[in-house]
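Trainee: Can we go through the pockets in this one? I'd like to know what lines them.

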Amino acid sequence: MRSYRELFRTPEYTPFFFSFAAQNAALTISGLALATLVYRATDSPLLSAVSMFGPQLAQMIGATFFLSGADRLPPRATLTGINSAFAVCTALLALPVLPIGAVFAVVFLQGLIASLGGGVSGGLLNEILPKEGFVLGRSVFNMASGLMQVTGFATGGALLTLLSPRTCLLLSAALYATTALTVRLGLTARPPRSTGRPSVSATWRTNALLWSSRPRRLTYLGMWLPNGLVVGCESLYVSYDSGSAGALFASAALGMFAGDLTLGRFVPSALRARLDVPLRLLLAAPYLFFALRPGLPWAAVAVCVGSVGFGASLVLQERLMALTPDELAGHALGLRSAGMLTLQGVSAALAGTLAQLTSPGTAMTLMATASTTVTLTLAVLARQERHLHQGRVIRTFP
């Protein structure tokens, strides 16, 4: 499957795509509105960063206890329930009487709910599309995420000049409700991919099984760490330049869109498999210069170019699916999503702390340096693993 026409002719893909796009639009508008609301109330880069990326901090807790449901619950009903819960939580965040402590409690609850959503969505996509269409289909989802971030952050920035952050949160809640309705009416009821009831023990067993393979471990770490550290840089856009944060987020999303479009549609599979390390290095490189505090035009160009490197996620997801049995696809992708978002939340907190102690620009440079170091370390470990595997093959087949 190499064309978008074939992709959108696949039954159920189109409504699933539009529900995903609407959900991402709601996420971006609500995230920017909440970060702005918290920053205006507290004048704290740390609290602003954590409010925007805080739901990610709860992802690994959810993955530890609930992720077996990704393959053991009916996908349509689960996704409808998740988006309905997001609508309710976002409406709660808009209440003017909600204290900061309660805001972060709701944000944490959203993260627990979201920890199941990535696995359910990823597994359903893997089920809807044929094997040869997964990368193209996933790239379109990533492109939609990028476009919705461009649209959402640009729209959110514009709305925040006209409306209050709380009104923007209510608009996001309405978008989440629309997403739930689209899922309910546009997808057919499918049975769970795996038998058995979701449980903590089943989650732990499957997590342990997925983590037991060294190639899968390195793939997971490659998706989690460099990406998360760079998102820590992104979490400081509001404190770096609060008036231009929407433009910086939109520029980053535009770069991500360009990377996913190129990787998913135009780069052959054999070449794509070799690009994950260069793309991860590109992801961090532009932030090394933020200690110089570039102004808006140069900062926007830098984050746009760097965000092309998010395309490495496609390469690594394709590798993960090749290393994982089909019946565990949802759980494997859910663990990928939960770990990635958790590291993004942790990195946002770390970046916010560094910004409190130094400055947002310096903190971005330090986070980018850490991301580059991690990428180079994982590349060395992956090369050692390949050489070890080749040695085993030679000994087994003289």
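Mentor: The largest share of the lining of the largest pocket, eight residues, comes from α19, a helix being a DSSP run of H or I of at least four residues, numbered from the N terminus. This is a predicted model, where local features need pLDDT of at least 70 and side-chain atom pairs pLDDT 80 or more, while totals for chains, interfaces and linings use all residues. Residues are numbered from 1 along each chain, and side-chain values use heavy atoms, without hydrogens and water.

Trainee: Which residues lie nearest the centre of the largest pocket?

Mentor: D276, R319, A382, R383 and R386 do, out of 20 lining residues. On a 1 Å grid over the protein atoms alone, a pocket is an open set of points where a 1.4 Å probe fits, with protein on both sides within 12 Å along at least five of seven lines, and lining residues have an atom within 4 Å of a point.

Trainee: And which elements each supply at least two residues of that lining?

Mentor: Those are α11 (214–234), α15 (276–284), α17 and α19 (360–396).

Trainee: Switching to α17, which residues of it meet α18?

Mentor: S313, Q317, L320 and M321 in α17 meet A329, A332, L333 and R336 in α18, contact meaning heavy atoms within 4.5 Å.

Trainee: What about the second largest pocket, what lies nearest its centre?

Mentor: T36, G157, L160, S242 and G243 lie nearest the centre, among 14 lining residues. Two or more lining residues come from each of α2 (13–42), α8 (134–162) and α13 (245–266), and α2 gives the most, with four.
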